[in-house]
Amino acid sequence: MDKELDRYGFEMDLVRKGNTPFYYYNLDVLHATLNEINRQIEGWPFTVHYALKANGNPRIISEIANYGLGADLVSGGEVKAALEAGFKAQEMTFSGVGKTDWEIRLALAHEIGCFNVESIPELEVIDQLAGEMDTTANIAIRVNPDIDAHTHKYITTGTSENKFGIGIEALDQVVKHAIDLPDIDLRGLHFHIGSQITQMQPYIMLCETINRLQDHYENQGIRFKMINVGGGLGIDYQHPDDHPLPDLEQYFNTFKQHLNIRPNQRIHFELGRAIVGQCGSLITRVVYVKENRDKKFIIVDAGMTDLIRPALYEAYHEIQNLTSRQMDHMETYDVVGPVCESSDAFAHDRMLPTSRRGDLLAIRSAGAYGESMASTYNMRSLPSVVFFPSDKH
Ligand SMILES: *Cc1c(COP(=O)(O)O)cnc(C)c1O
């Protein structure tokens, strides 16, 4: 209640008390996103899995588990974290090109819902380990549909040039092989075409590919119990305050309209960024303002070790000065971190209110692939975390 919120909705007590740099998670935004997902899928045979790699913070993932979502996992560590957070094993999918034996055994021991299998050697190892453990592995074959999601080259996953999945030309052979293996139950097909996708055209193409493949296999008497369309829905990094939620209605409508869903079939989704991206901001303090001949730099105490997306993908994040004493006087700055790498910058030539040593900045839309990608390079500490509203548990 009556706590002071700034113009961007930050609780300033929390912001001022925090030990910078820290992640500020707005649980109201997270809850609104989860409610909207559940509203959109109601009445449809849809299951949404949260991709833990986007943000594995224990509080965040248990909030998400409470909304009844499943989990999409890419390592044994994530399997353990998801179990601890209260996700049901039956609602877990396990993806990744390099699953090791202990990770497969751990997932089999908990009878997770589905392995998303990316190669024939992996298929054979899962079959063998399942046989040794006297169990059956539910699997989906990850198909590389050769669809260009028109996103950054490091976050495109569905074209033939990258390491993920099995090409359509090889799929017949792999499907037959999977059906023949004794300890494998082939449940369906899995796709994931990339990340930060905001245009629906790649998803429409994905639906059309899936429809074609299902026709093809049904002609051979092969029916799939499930189809997993992956994740990748993007968020509005430019306008986080105008669009705190992703366009979930448009996204789910695309599949409702274009995917030919078979009777008794379940459609699975694996969303990461869309669920957690907008609930997180990285709060950082201005250490120095420095002027070179033709540039002004704001040097902050957060670096690429806390949020690597700008350095890794040249990603844009909105930056707000929460405490400037001259909110109406704008200047152009580069906002950079202290790490000894030229790529350690959060923004170039950005208009911001006149900033001074001690000001607090919010780097917005940092809930996904922020804290989860943090490192201790330069022997820095990992960023700390606060939750808003602060009185809720
Ligand atoms: C990373 C990943 C996701 C989630 O991607 P987002 O872009 O965060 O939605 C979903 N499925 C698989 C297999 C992934 O690797």
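The model is predicted: local features need pLDDT of at least 70, side-chain atom pairs count only at pLDDT 80 or more, and totals for chains, interfaces and linings use all residues. Residues are numbered from 1 along each chain as its sequence is written, and side-chain values use heavy atoms, with hydrogens and water left out.

**Exercise 1. Helix H6**

Solution. 
- Step 1. Helices (H or I, at least four residues) and strands (E, at least two) are DSSP runs, numbered from the N terminus.
- Step 2. Look for buried residues (under 20% relative accessible area; exposed is over 50%, partly exposed in between; 1.4 Å probe, protein chains only). In H6 they are Glu122, Leu123, Ile126, Asp127, Leu129 and Ala130.
- Step 3. Check their contacts (heavy atoms within 4.5 Å). The buried residues of H6 pack against helices H5 (101-109) and H7 (168-180), and against strands E5 (114-117), E6 (137-144) and E8 (184-190).
- Step 4. Inspect the ends. Serine 119 caps the N-terminal end of H6, with a side-chain oxygen 3.2 Å from the backbone nitrogen of glutamate 122. Aspartate 134 follows H6 and has a positive phi, near 60 degrees.

**Exercise 2. The ligand site**

Task: Which residues come nearest to the ligand, and how much of its accessible area does the protein cover?

Solution. 
- Step 1. Count a residue as near if one of its heavy atoms lies within 4 Å. There are 15 residues around the ligand, and Lys53, Ser195, Glu270, Arg273 and Tyr369 come nearest.
- Step 2. Sort the shell by class. Ala, Val, Leu, Ile, Met, Phe, Trp, Tyr, Cys and Pro count as nonpolar, Asp, Glu, Lys and Arg as charged, and the others, Gly among them, as polar. The shell has three nonpolar, seven polar and five charged residues.
- Step 3. List polar contacts (N or O atoms within 3.5 Å; within protein, one must be able to donate a hydrogen and the other to accept it, and residues adjacent in sequence count only if both atoms are side-chain atoms). A polar side-chain atom of lysine 53 lies 2.8 Å from a ligand oxygen. For the side chain of aspartate 72, the distance to a ligand nitrogen is 3.3 Å. For the side chain of tyrosine 369, the distance to a ligand oxygen is 2.6 Å.
- Step 4. On its own, the ligand has 390 Å² of accessible area (Shrake-Rupley method, 1.4 Å probe; for residues, only the protein chains shown count as cover). The protein covers 94% of it.

**Exercise 3. Strand E13**

Task: Is asparagine 321 buried or exposed, and what does its side chain contact?

Solution. 
- Step 1. Asparagine 321 lies in strand E13 (residues 319-321).
- Step 2. Its relative accessibility is 1%, so asparagine 321 counts as buried.
- Step 3. The side chain of asparagine 321 joins that of serine 355 in a polar contact of 3.0 Å. A polar atom of the asparagine 321 side chain also lies 2.9 Å from the backbone nitrogen of threonine 323.
- Step 4. Now take glutamine 320, also found in E13. At 5% relative accessibility, glutamine 320 counts as buried. Its side chain makes polar contacts with the side chains of aspartate 241 (3.0 Å) and arginine 364 (2.9 Å).
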